[in-house]
Every structure is written in structure tokens, then in C-alpha cells.
Amino acid sequence: MTAAVLKRSGRAGGGSWEYVLAAPHPRLRPGVLSYRGVRIAMDGPRRRLEAPIGAATLLLGFDQPVRISRAGRPTSTLVSVYSGPTTTPAVGEHGGRISGIEVLLTPWSAFTLFGTPQYELVDRTLDPDDLPHALATRRAGDRRRSVGDLSATLAALPTWEDRFGLLDDVFARWWEAGAPSSAQVVHAWSELVRTGGVMPVRRLAEEVGWSVRHLENRFREQIGLGPKAAARVLRLQRARRLLAAGQGQAETAAVCGFYDQAHLSGEFKAMTGCTPREFTVARRAPGGAGGQVSDRMTGEATSLVLASGDRECDFLQDRPGPPTAR
């Protein structure tokens with residue numbers, strides 16, 4: 001049984017919330033990054049901006065749907081949600097009540113678990129049952145179980161620890177049935193993460209013994225983004241973390257590999273939907289960071305709880321940005 005490593009709960013804003021974080025079984029790591037149980041009961045709708053992160057997200061919802069908006073994409077209303085690699089912000093809204101388990105995956109492990117080239121899923125939000133997976137049992141005549149069935153089973157279990165343990169078993173079965181990820185892609189991705197997106201693509205290709213073009217093609221298949229675009233996301237992820245911790249913009253730009261402060265600001269607006277100052281001010285406002293427990297990744301600045309006066313179009317309008325490398 002997977003044990004919870006962090007439990008937080010409280011009451012605020014006319015309702016209650018509970019977050020339970022757990023590490024997947026060691027046999028699933030580092031591909032499956034984390035489990036997070038969520039139970040929120042508020043007195044009215046809540047909206048949250050999600051910035052791009054270096055991970056894919058699987059939300060296994062227990063009851064109420066979430067409405068997800070992203071510039072250039074149709075709005076989705078789903079109970080369970082798969083979100084592949086992203087370079088643009090999204091706004092999620094629920095009616096005040098939501099519960100489920102959010103699973104963070106490295107992009108290459110999502111390729112293995114779901115059997116879909118990840119470039120097909122960039123900046124998209126889907127029902128996970130629209131993707132291949134291995135929930136079918138091995139006995140002849142058994143029907144293919146859906147992710148909805150899995151979510152219902154998880155919801156019926158008595159404790160979060162029981163739910164996380166079931167997920168360990170399910171993901172181990174998916175992993176055995178899935179297409180293996182390339183060791184070279186996994187290594188290249190790990191180096192990009194380790195360096196915060198500053199390792200040059202040519203050096204990555206040299207490290208794994210491939211041409212730059214071959215690395216780009218395999219990266220897009222198993223990560224979704226090309227290595228340059230993935231590096232952009234990882235640089236900005238690090239910059240958000242430093243800014244949220246109180247570091248200045250000029251220093252952050254230099255540390256994270258941006259040309260200058262203007263470059264940081266342009267990338268921030270293109271991928272987060274607001275300026276660095278707007279983001280950090282909103283994080284520090286009462287309720288702006290949801291007590292930081294609403295962040296999808298521990299120790300990262302991934303999310304903003306939007307006030308009722310914030311207009312969705314302020315964050316989701318199409319903005320020109322630097323060209324994305326495939």
C-alpha cells in the first residue's frame with residue numbers, strides 16, 4: 001500500500017479543501033512522478049489558471065466535471081482528464097465541488113502508458129478513454145474496462161492509501177503492456193530537466209549518439225515537444241519558481257538562461273498569459289496561490305487561483321510568441 005507523504009486540509013472562502021500527496025511505488029518511478037488526492041467543497045464556482053509544466057497530467061475524477069479553456073482549442077467539460085505537454089496556459093473551472101486523484105507523469109512515461117505519439121496531444125485536453133490503455137483484463141471474453149470504471153472503483157475505496165495502492169497496481173499493468181520508451185530520449189529529457197532547459201540541443205544529441213534531426217523526431221514522438229520547445233517550458237518553470245520565492249526579474253533571467261529581462265517577460269507572457277509581475281503579485285495576494293497547496297508540483301509555482309473579477313480572456317487570448325521548435 002502506498003502511504004500518503006503529505007496531508008493538508010482546511011476551511012476557507014465558504015468551504016473546505018483537502019489535498020493528499022503520495023509518491024508512487026518505486027517500480028513506477030521516475031516515470032510516474034506523483035499522486036495527489038483532491039477533495040474540494042466550496043460555496044460556489046472556482047477558477048484556476050494552470051501554467052505549462054514539464055509533465056503530463058491525468059486527472060481521475062470521482063464525480064463533478066471540470067471545464068477547461070485554452071486559447072485556440074475548444075472548451076472541454078470532463079470528469080476525468082488527460083492533458084499532454086503544453087506551451088500555453090489553461091483555465092480550469094468547477095462548480096465548487098470536485099474530488100479525484102491527479103497523477104503527474106513524465107512525458108515519455110505517458111507515451112508508454114497510453115501508446116499515443118505525444119506530438120498528437122500537445123496543448124490538448126482529452127477524455128483519457130479516447131487514448132489507448134491496458135485496462136482490459138487478460139481473460140477471454142472480458143470487456144475492456146474504462147478509465148471511468150477505474151475512477152468509480154477508486155472513489156468507492158475507504159482511504160486515500162487504498163486508492164494510491166490500486167493505482168500502483170494499475171500503472172504497473174499498463175507499463176508492462178505499453179511500448180517501451182527510448183533510453184536515449186529518457187536520458188536527453190532527464191538532462192534537460194536537470195539543467196533547467198539550458199543544455200544545447202546539439203550537445204544533447206552528442207550525448208545520446210544521434211543526429212540533431214533524429215533526436216528532434218524521437219523527442220516529438222515520445223515527449224510531444226521538440227527539444228527546443230521543451231527547453232523553453234523548463235526554463236520558464238524554473239523562472240516561475242525563483243520569482244515566486246522572491247528573486248528579482250533581472251537575476252532570474254540571467255540564472256535561467258534568458259537573453260535579458262525583456263526576453264524573460266516575453267516568454268512569460270506567451271506561455272503563462274500574464275507578465276512576471278502580474279504572476280508574482282497574484283501569487284502573493286490572499287488566496288492567489290491557494291495556500292500553495294493548489295500547485296500541481298511540490299515546490300513549483302504552477303497555478304493561480306483566479307479572483308471572481310479576473311476575466312478569462314485576460315489569460316487565454318492568443319498572443320504571438322517566439323517560434324516553437326516543432
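Visitor: Let's start with one residue. Is Phe-164 buried or exposed?
Guide: Phe-164 is buried, because its relative accessible area is 0%. Buried means under 20%, exposed over 50% and partly exposed in between, using a 1.4 Å probe and protein chains only.

Visitor: Where do these values come from?
Guide: This is a predicted model, where local features need pLDDT of at least 70 and side-chain atom pairs 80 or more, while totals for chains, interfaces and linings use all residues. Residues are numbered from 1 along each chain as its sequence is written, and side-chain values use heavy atoms, without hydrogens or water.

Visitor: Okay, rings next. How many aromatic pairs are there?
Guide: The structure holds 11 aromatic pairs. One of them is Tyr-35 with Phe-164: the ring centres are 5.7 Å apart and the planes sit at 20°, so this pair is stacked. Rings of Phe, Tyr and Trp (its six-membered ring) pair if the centres lie within 6.5 Å; planes under 30 degrees apart are stacked, over 60 edge-to-face, the rest tilted.

Visitor: Which parts of the chain does that pair link?
Guide: Distant ones: Tyr-35 is in strand β3 (residues 32-41), Phe-164 is in helix α3 (residues 160-177), and the two are 129 residues apart. Helices (H or I, at least four residues) and strands (E, at least two) are DSSP runs, numbered from the N terminus.

Visitor: And why does Tyr-35 count as buried?
Guide: Because Tyr-35 has a relative accessible area of 0%.

Visitor: Which residues do ring pairs link into a cluster?
Guide: Tyr-35, Phe-62, Tyr-82, Phe-114, Trp-160, Phe-164, Phe-171 and Trp-174.

Visitor: What does β10 pair with?
Guide: Strand β3 is one partner: nine bridges join β3 to β10, and they run antiparallel. Here Ile-40 has Ile-98 in β10 as its bridge partner. Strand β5 (residues 56-61) also pairs with β10 in the antiparallel sense, over six bridges, and Leu-59 stands opposite Glu-102 in β10. Strands pair if DSSP finds at least two bridges between them.

Visitor: Where is Asp-123?
Guide: In the loop between α1 (107-114) and β11 (125-126). Asp-123 is buried, because its relative accessible area is 12%.

Visitor: Last one! What about Glu-300? Buried or exposed?
Guide: Glu-300 counts as buried, at 13% relative accessibility. Look for Glu-300 in the loop between α10 and β12 (303-306). Glu-300 and Arg-240 are 60 residues apart in sequence and 7.6 Å apart in space, C-alpha to C-alpha.
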